[in-house]
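User: I'm new to this protein and want a quick tour. Can you show it to me and pick a place to start?

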Amino acid sequence: MTVIIDNLRTILSEIETAVMQKQGSASDLTTLIAVSKTKPVDDVLAAWQAGQKHFGENKVQEAKQKFLPLRERGLALTLHLIGPLQTNKAADAVGLFDVIHSLDRLKLAAVLQKEMQKQQRYPTLLVQVNIGREPQKAGVLPENVPAFVESCLEMGLPIKGLMCIPPVNADPEPHFSAVANLANKLNLPELSMGMSKDYKLAIQYHATYVRVGTALFGGRELLIGKG
Ligand SMILES: *Cc1c(COP(=O)(O)O)cnc(C)c1O
């Protein structure tokens with residue numbers, strides 16, 4: 001547990017340094033999302049007690065199991081969905097998450113809108129961009145993002161920014177740059193990009209959320225077949 005607290009301090013101080021070093025609109029802040037997927041609730045609690053309040057999970061069910069009991073205990077925290085969302089989990093997602101980073105298709109947008117009205121709960125939405133044009137990856141292709149965002153805004157959805165996961169083993173810099181330009185063009189304030197290996201670079205491109213798992217909680221075992 002003290003390892004997590006040490007890691008948290010290191011990451012926060014590196015974020016602070018990166019924010020100070022970046023060019024231009026230096027005032028926008030970067031929020032650390034502690035990605036706790038596959039990690040036990042004790043790890044979450046250790047980080048929470050050390051002051052970390054934003055957490056990210058990539059599966060609705062796992063997030064529910066881990067975080068509902070904490071919410072019921074009255075722990076104040078902000079919960080982010082960073083993984084793909086199936087329409088049949090949209091109701092649960094609207095009920096649980098404060099920010100959904102993975103809006104990527106109109107069918108999901110329609111279901112989210114219906115659920116938000118029904119539950120009178122309006123999580124912030126980010127549009128996931130498939131910036132590397134990878135067939136196996138979720139996200140809207142960059143050239144389709146402006147029309148997609150416009151359609152969602154017309155539906156009254158609270159779209160606040162863009163999210164991306166650059167291809168693994170590729171230089172993330174041109175991808176961060178491209179997504180930042182796109183968000184800027186569309187006047188969207190939030191940018192969710194950067195993970196353990198590249199969050200400092202993402203901050204140079206004005207990431208407002210960085211999603212860090214491994215550097216904070218340690219490596220994850222491959223959980224084959226566990227949904
Ligand atoms: C797991 C995950 C992360 C965190 O990755 P690390 O390399 O462990 O920091 C960030 N974003 C998404 C979408 C993830 O699924």
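**A walk through the model**

Analyst: Let's start with H206, which is partly exposed at a relative accessible area of 25%. Partly exposed is the range between buried (under 20%) and exposed (over 50%), using a 1.4 Å probe and protein chains only. The model is predicted: local features need pLDDT of at least 70, side-chain atom pairs count only at pLDDT 80 or more, and totals for chains, interfaces and linings use all residues. Residues are numbered from 1 along each chain as its sequence is written, and side-chain values use heavy atoms, with hydrogens and water left out.

User: Got it. Where does H206 lie?

Analyst: H206 is in the loop between α8 (199-204) and β8 (209-212). Those labels come from DSSP runs, numbered from the N terminus: helices are H or I with at least four residues, strands are E with at least two.

User: What about the phi of H206?

Analyst: H206 has a positive phi of about 70°, although H206 is not a glycine. Q120 also has a positive phi, near 50°, and Q120 is not glycine either.

User: Is Q120 buried or exposed?

Analyst: Q120 is exposed, with a relative accessible area of 57%. Q120 lies in the loop between α5 (106-119) and β5 (124-129).

User: Switching to helices. At what angle do α2 and α3 pack?

Analyst: Helix α2 (residues 41-49) and helix α3 (residues 60-72) pack at about 45°, and their axes are 10 Å apart. That makes α2 oblique to α3. Axes are lines fitted to C-alpha atoms, for helices over the stretch in contact, and angles run from 0 to 180 degrees between N-to-C directions. Under 35 degrees is roughly parallel, over 145 roughly antiparallel, 65 to 115 roughly perpendicular, and the rest oblique.

User: Which residues of α2 and α3 meet?

Analyst: On the α2 side, V41, V44 and L45. They meet K66, F67 and L70 in α3. Contact means heavy atoms within 4.5 Å.

User: How many of those are nonpolar, polar or charged?

Analyst: The contact of α2 with α3 has 5 nonpolar residues, no polar ones and 1 charged. Nonpolar covers Ala, Val, Leu, Ile, Met, Phe, Trp, Tyr, Cys and Pro; charged covers Asp, Glu, Lys and Arg; the others, Gly among them, are polar.

User: How many aromatic pairs are there in the whole structure?

Analyst: The search finds 1. F55 and F67 form that pair, which is tilted, with 5.7 Å centre to centre and 45° between the planes. Rings of Phe, Tyr and Trp (its six-membered ring) pair if their centres lie within 6.5 Å; planes under 30 degrees apart are stacked, over 60 edge-to-face, and the rest tilted.

User: Which parts does the pair tie together?

Analyst: F55 lies in strand β2 (residues 54-57) and F67 in helix α3, so the pair links parts 12 residues apart in sequence. Both F55 and F67 are buried.

User: Back to α2. What does W48 touch?

Analyst: W48 lies in helix α2. Leaving out residues up to four places away in sequence, W48 touches K53, F55, L75, A76 and L77.

User: And where is G51?

Analyst: G51 sits in the loop between α2 and β2. G51 counts as partly exposed, at 45% relative accessibility. From G51 to I5 is 9.3 Å, C-alpha to C-alpha, though they are 46 residues apart in sequence.

User: New topic: L162. Buried or exposed?

Analyst: L162 counts as buried, at 0% relative accessibility. L162 belongs to strand β6 (residues 159-164). Among the residues L162 touches are L126, V127, V145 and V179. Q128 is 34 residues from L162 in sequence and 5.8 Å away in space, C-alpha to C-alpha.

User: Last one. What is A138 in contact with?

Analyst: Leaving aside neighbours within four places in sequence, A138 contacts D104, Q128 and N130. A138 and D104 are 7.0 Å apart, C-alpha to C-alpha. A138 is in the loop between β5 and α6 (145-154), and at 27% relative accessibility A138 is partly exposed.
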